[in-house]
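I opened my notebook to go through this structure piece by piece. Here is what I looked up, in the order I looked.

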Amino acid sequence: MTQEDLPQVLNIEKSSFTAPWSEASFLSELYNRYAICRAAEVGKTIAGYICVRQISDECHIMNLAVHSLYRRKGIASLMLRDVLGDLRSQGHTALHLEVRSSNIAAQNLYTKFGFSQAGLRKNYYTYPSEDAVLMLLRI
Ligand SMILES: CC(C)(COP(=O)(O)OP(=O)(O)OC[C@H]1O[C@@H](n2cnc3c(N)ncnc32)[C@H](O)[C@@H]1OP(=O)(O)O)[C@@H](O)C(=O)NCCC(=O)NCCS
């Protein structure tokens with residue numbers, strides 16, 4: 001992902017989440033040396049993106065979304081597989097994330113990749129208030 005991608009990325013972000021990241025949040029990830037931010041392109045269109053933070057030997061999925069027109073075509077899987085390959089080769093041992101308890105699509109995606117539920121954070125999210133399911137993959 002580059003700074004030039006941000007208008008399209010923000011468009012996907014706003015239509016995907018009730019509490020979307022701001023441009024400043026993306027910029028701070030883009031220029032964080034411990035962050036991996038990648039965008040998936042279909043031609044010149046940004047179809048999705050993933051942001052992962054490397055924290056010692058563990059990593060955290062900070063953000064992941066696919067444009068609604070490009071969903072269910074394997075793009076999130078492609079991005080996850082791509083990042084996982086790099087994390088593995090760099091010797092990271094775990095990848096974790098939080099997901100809204102109602103977000104079955106994302107939970108299915110992560111389960112398909114071997115993530116399992118590692119906990120529940122009550123009322124973690126706002127707009128609307130909702131529990132977070134913590135998911136973990138040993139890599
Ligand atoms: C979750 C999301 C990233 C999935 O992206 P995607 O590119 O459509 O995912 P893929 O096509 O790679 O799907 C992989 C698997 O995820 C699961 N999945 C994806 N969308 C699903 C849906 N709407 N319902 C149920 N399962 C779904 C399925 O198991 C799917 O495999 P299958 O198509 O063989 O059944 C996308 O729906 C999205 O951007 N949602 C809004 C933002 C979001 O929730 N981000 C995650 C925050 S933790």
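How do the residues of the shell around the ligand divide into nonpolar, polar and charged? I counted by class and got 11 nonpolar, five polar and four charged. A reminder to myself before going on: this is a predicted model.

**Ligand shell**

I then asked which of the 20 residues around the ligand come nearest, and noted R71, A76, S77, A105 and L109. Next I sorted the shell by element. Helix α4 (104–112) gives the largest share, six residues. At least two residues each come from β3, α3, β4 and α4.

**The sheet**

I traced the strand order next. There are six strands in an open sheet, ordered β1-β2-β3-β4-β6-β5, and the pairing is mixed.

**Walking across the strands**

I began with β1 and β2, which run antiparallel and are joined by eight bridges. On this pair I found C37 standing opposite C51 in β2. I checked what lies against the sheet here: α3 packs on it and touches β1, β2, β3 and β4. The direction of α3 makes about 30 degrees with that of β2.

The next step was from β2 (residues 45–55) to β3 (residues 58–66), again antiparallel, with eight bridges. I picked out R53, whose bridge partner in β3 is H60. The hairpin of these two strands has two residues between them, and S56 takes a positive phi near 50 degrees.

I followed the chain between the two: it goes from β3 through helix α3 (residues 75–89) to β4, a β-α-β crossover that is right-handed.

From β4 I moved on to β6 (residues 130–138), an antiparallel pair with seven bridges. A94 has R138 as its bridge partner in β6.

The last pair was β5 with β6, antiparallel over six bridges. Q117 stands opposite M135 in β6. These two strands also make a hairpin, with four residues between them, and Y127 in the turn has a positive phi of about 50 degrees.

**A closer look at Y124**

I stopped at Y124, which sits in strand β5. Is Y124 buried, exposed or partly exposed? I find 15 C-beta neighbours inside 10 Å. Buried needs 20 or more and exposed 12 or fewer, so Y124 counts as partly exposed.

Which residues does Y124 contact, once neighbours within four places in sequence are left aside? I listed E98, D131 and A132. I also checked Y124 against Q107: the two are 17 residues apart along the chain, and their C-alpha atoms are separated by 16 Å.

Conventions: Residues are numbered from 1 along each chain as its sequence is written. This is a predicted model: local features need pLDDT of at least 70, side-chain atom pairs count only at pLDDT 80 or more; totals for chains, interfaces and linings use all residues. Two strands pair if DSSP finds at least two bridges between them. A crossover is right-handed if, with the strands pointing away from the viewer, the path from the first strand over the helix to the second runs clockwise. Two residues are in contact if their C-beta atoms, placed from the backbone, lie within 7 Å. Axes are lines fitted to C-alpha atoms, for helices over the stretch in contact, and angles run from 0 to 180 degrees between N-to-C directions. A residue is near a molecule or strand if its C-beta atom, placed from the backbone, lies within 6 Å of it. Ala, Val, Leu, Ile, Met, Phe, Trp, Tyr, Cys and Pro count as nonpolar, Asp, Glu, Lys and Arg as charged, and the others, Gly among them, as polar.
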